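What I looked up is set down entry by entry.

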Amino acid sequence: MIGKASLGSNAKRLIEYCYYDKQVSSKMQRKLETEEVRGELVYIQNLGIKIHPDGKLDLDYLIKQFENNHSRNTQLTKYIWHQSFSFAPGEKPGNDTITSVTTEFAKEFGFEQNQMLVFKHEDTSNLHFHVVANRLNHNGKNTADHFKNYARIGTFSRKMEHKLGLVQAPDMRINQGRTQELSVTDLAHLKLRQTIDKLLDSVKSIDELKQELVSAGYKSYIGRGIAFFNMQKKIKIKGSDLGRDYSLSSLEKRLAQNLEIGLKKELKPDLKKQKKHGLGL
């Protein structure tokens, strides 16, 4: 996940860009059908919302709220924070993941009580989303420190990749002293995730998964959760460290789903035979 940040003073221009596109004129905006709109609003915070009769967002209503709040402290000219996060090619996280990243971002960067919009774009090879946030809270206080943005966003991106099991973008490694350590850990996590994903298609229980993982070079330990030990590299990895899909409860759910899907596939031929017999065929 790659994050980029910039500051600005024009809420109208940015919000219209995130919802429509910078190349879409006001006349074209009115003609666009709802399904032709570029940006999907996936999160809104401390803002009212209005919808036009045609189903599109009333952007003027949103923009006016940003501008009215800015009037509480006009000394801060660049009061708009524009943040974007881009996922790895082929990675398609759902809106719940985008919301998780957004709320954590708000907590860490000082926007928890501020106005904020999040738009998702799927018009490029990299699914990405834009955060439009007011640096001023409802009292006109600047709550968002913008110093060392690049380093802070890089660190935040690594943390969210680790927490949510997202693919890490190598060109965002900004902590040079830890690059080698991160690389080894990331590769170990990626390999283990791939191994577990492959095995889940063939095993029917956690015990079977543990047995198969031994053949792949991993010991498994179950307590309140699940942990794995890479016998070759001597690395211990918690299931939750791999991402939410690899905690003990999530693995059990995935196994149950796989078993249900397999059972349905086995029953389908029998149902077809029963229907044929019923028709006298």
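This is a predicted model: local features need pLDDT of at least 70, side-chain atom pairs count only at pLDDT 80 or more; totals for chains, interfaces and linings use all residues.

The entries below go from the sheet to the helices, then to the aromatic rings and a few single residues.

Entry 1: I looked up the strand order and found an open sheet of 5 strands in the order 1-3-5-4-2, with antiparallel pairing. Strand 1 (2-8) and strand 2 (40-45) stand at the edges with a single partner strand each, so one side of each has no neighbour in the sheet. From one strand to the next, the twist averages 15°. I then turned to strand 3 and strand 5, which pair in the antiparallel sense over 7 bridges, and I noted that Gln83 stands opposite Val131 in strand 5.

**Entry 2: helices on the sheet.** I asked which strands helix 3 lies across. They are strand 2, strand 3, strand 4 and strand 5, and helix 3 runs at about 40° to strand 5. Helix 4 lies across strand 2, strand 3, strand 4 and strand 5, and I recorded an angle of about 35° between helix 4 and strand 2. Within helix 4 (residues 95-109) I picked out Thr97, which counts as buried because its relative accessibility is 13%, under the 20% cut-off. Apart from neighbours within four places in sequence, Thr97 is in contact with Leu164 and Leu166.

**Entry 3: helix 1.** I looked for the buried residues of helix 1 (residues 11-19) and found Ala11, Leu14, Ile15, Glu16, Cys18 and Tyr19. An α-helix has 3.6 residues a turn, so residues three or four places apart point the same way. The buried residues of helix 1 pack against helix 2 (26-31), helix 3 (59-70), strand 3 (80-86), strand 4 (116-121) and strand 5 (128-134).

**Entry 4: aromatic rings.** Searching the whole structure, I found 13 aromatic pairs. Since Phe156 lies in helix 5 (residues 149-164) and Phe85 in strand 3, the pair ties together parts 71 residues apart in sequence. Phe85 is buried, at 1% relative accessibility, and Phe156 is buried with a relative accessible area of 1%. One aromatic cluster includes Trp81, Phe105 and Phe111 among its members, along with Phe85, Phe129 and Phe156.

**Entry 5: charges over rings.** I noted the charged end of Lys50 over the ring of Tyr61, 4.4 Å from its centre, and Arg254 over the face of Tyr246, at 5.1 Å from the ring centre.

Entry 6: In strand 8 (residues 235-238) I looked up Ile237, which is buried with a relative accessible area of 3%. Leaving out residues up to four places away in sequence, Ile237 touches Ala188, His189, Leu192, Ala227, Phe228 and Leu242. From Ile237 to Leu192 the C-alpha distance is 9.1 Å, although they are 45 residues apart in sequence. In strand 6 (residues 218-222) I looked up Ser220, which is buried at 11%. Among the residues in contact with Ser220 are Ala227 and Phe228.

Terms used: Residues are numbered from 1 along each chain as its sequence is written. Side-chain values use heavy atoms; hydrogens and water are left out. Helices (H or I, at least four residues) and strands (E, at least two) are DSSP runs, numbered from the N terminus. Buried means under 20% relative accessible area, exposed over 50%, partly exposed in between (1.4 Å probe, protein chains only). Contact means heavy atoms within 4.5 Å. Two strands pair if DSSP finds at least two bridges between them. Axes are lines fitted to C-alpha atoms, for helices over the stretch in contact, and angles run from 0 to 180 degrees between N-to-C directions. Rings of Phe, Tyr and Trp (its six-membered ring) pair if their centres lie within 6.5 Å; planes under 30 degrees apart count as stacked, over 60 as edge-to-face and the rest as tilted. A charge sits over a ring if NZ of Lys or CZ of Arg is within 6 Å of the ring centre and within 35 degrees of the ring normal.
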